[in-house]
Amino acid sequence: MERYVTKSDFNKIMPLDSVKKSYGTVKAHKPGMPLRPICSSINSVSSGAEKYILKILKPIEKLFEFTINSTKNFQKYFLENRHKFDLSVHEIISIDCVSLYTSVNVNMVIKELITEIYKSPEKYFEFGEDDLSNFGVKPRIPTSLVFKNFLFQILLKFNYFSTVAGHYKQKDGLSMGSSISPLLANFYVSLMEKKIVKKEINKGNIIAYCRYVDDGFCIIRKDKKRKNTKIN
């Protein structure tokens with residue numbers, strides 16, 4: 001990536017000599033108080049690269065059609081759509097994405113990200129007039145293959161972490177504790193929302209839908225609701 005980033009960004013993405021560290025936090029609100037596994041990338045081999053990726057991918061948030069980012073925005077959305085609700089026809093349901101981060105298909109996310117970014121790559125890779133690479137020339141936008149390989153390396157190859165029981169590698173999915181996991185998980189779910197939820201909205205089966213991270217709010221026709229439905 002050296003010829004495609006500024007001197008400053010190149011120094012920031014240089015790897016540190018430490019792997020990610022994993023630990024657990026107690027879910028005190030659940031029976032048996034299970035542990036939530038956290039895999040922190042702070043001051044690790046890929047921490048600088050993850051921050052760079054987050055900066056590059058930030059504009060993609062504009063594509064998240066059904067995402068809300070606060071309880072205030074949820075209240076606003078609910079009030080704007082309450083007039084559509086008919087108690088005799090509709091039902092309000094909640095949707096929970098179980099183990100969202102670790103269930104993300106990272107290979108698919110990388111493929112879809114590259115497709116979206118390289119429709120208009122200049123929106124994502126921006127350089128100032130005075131920005132120079134380590135080669136003394138203005139950085140240029142990386143080819144789709146170069147950036148795809150970079151994402152693959154950071155998200156799937158350099159994915160080792162230490163625990164009290166030894167060292168392990170996460171084979172797939174996103175780790176809780178990574179700075180880019182929230183954005184990538186959001187992107188992953190938004191892909192399914194475009195294919196599934198939007199289709200049902202167009203049919204009139206769903207009249208309102210929004211999501212905060214892994215929790216969805218939905219107003220649906222009672223006769224179109226299926227119980228215990230799982231989407232893998």
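In the predicted model, F85 is partly exposed, with a relative accessible area of 30%. This residue is placed in the loop between helix 3 and strand 3 (90-96). F85 belongs to a nonpolar surface patch that also includes F74, F78, L79, L87 and I92, and the accessible area of the patch amounts to about 510 Å² together. Helix 3 (residues 71-81) supplies the largest share of the patch, namely three residues.

The secondary structure consists of seven helices and seven strands, arranged along the sequence in the pattern α-β-β-α-α-β-α-α-α-β-β-α-β-β. The C-alpha trace of the chain extends over about 70 × 45 × 30 Å along its principal axes. Of the 232 residues in the chain, 37% are buried. The accessible surface of the chain is about 14,500 Å², and carbon and sulfur atoms account for 54% of this area. Among contacts in the chain with a separation of 6 or more, 71% are between residues 24 or more positions apart.

An open sheet is formed by four strands in the order 2-1-4-5, with mixed pairing. Strand 4 (residues 160-163) pairs with strand 5 in the antiparallel sense over four bridges. S162 has H167, in strand 5, as its bridge partner.

Eight salt bridges were counted in the model. One of them joins the side chains of K20 and E50 at 3.3 Å, N to O. Because K20 lies in strand 1 (residues 20-26) and E50 in helix 2 (residues 47-57), this pair ties together parts that are 30 residues apart in sequence. Both K20 and E50 are buried.

A salt bridge is likewise formed by the side chains of E65 and K198 (3.0 Å, N to O). E65 is located in the loop between helix 2 and helix 3, and K198 in helix 7 (residues 181-203), so the pair ties together parts that are 133 residues apart in sequence. E65 is partly exposed at 46% relative accessibility, and K198 is partly exposed at 33%.

Helix 7 also contains E193, whereas R211 lies in strand 6 (residues 206-212). The closest N and O atoms of the salt bridge between R211 and E193 are 2.6 Å apart, and the pair ties together parts that are 18 residues apart in sequence. R211 counts as buried at 1% relative accessibility, and E193 counts as buried at 2%.

Conventions: Residues are numbered from 1 along each chain as its sequence is written. This is a predicted model: local features need pLDDT of at least 70, side-chain atom pairs count only at pLDDT 80 or more; totals for chains, interfaces and linings use all residues. Side-chain values use heavy atoms; hydrogens and water are left out. Patches are made of residues with over 30% relative accessible area and no salt bridge: like charges are joined within 9 Å, nonpolar side chains (Val, Leu, Ile, Met, Phe, Trp, Tyr) within 5 Å. Accessible areas come from the Shrake-Rupley method with a 1.4 Å probe; for residues, only the protein chains shown count as cover. A salt bridge is a side-chain nitrogen of Lys or Arg within 4 Å of a carboxyl oxygen of Asp or Glu. Helices (H or I, at least four residues) and strands (E, at least two) are DSSP runs, numbered from the N terminus. Buried means under 20% relative accessible area, exposed over 50%, partly exposed in between (1.4 Å probe, protein chains only). Two strands pair if DSSP finds at least two bridges between them. Contact means heavy atoms within 4.5 Å.
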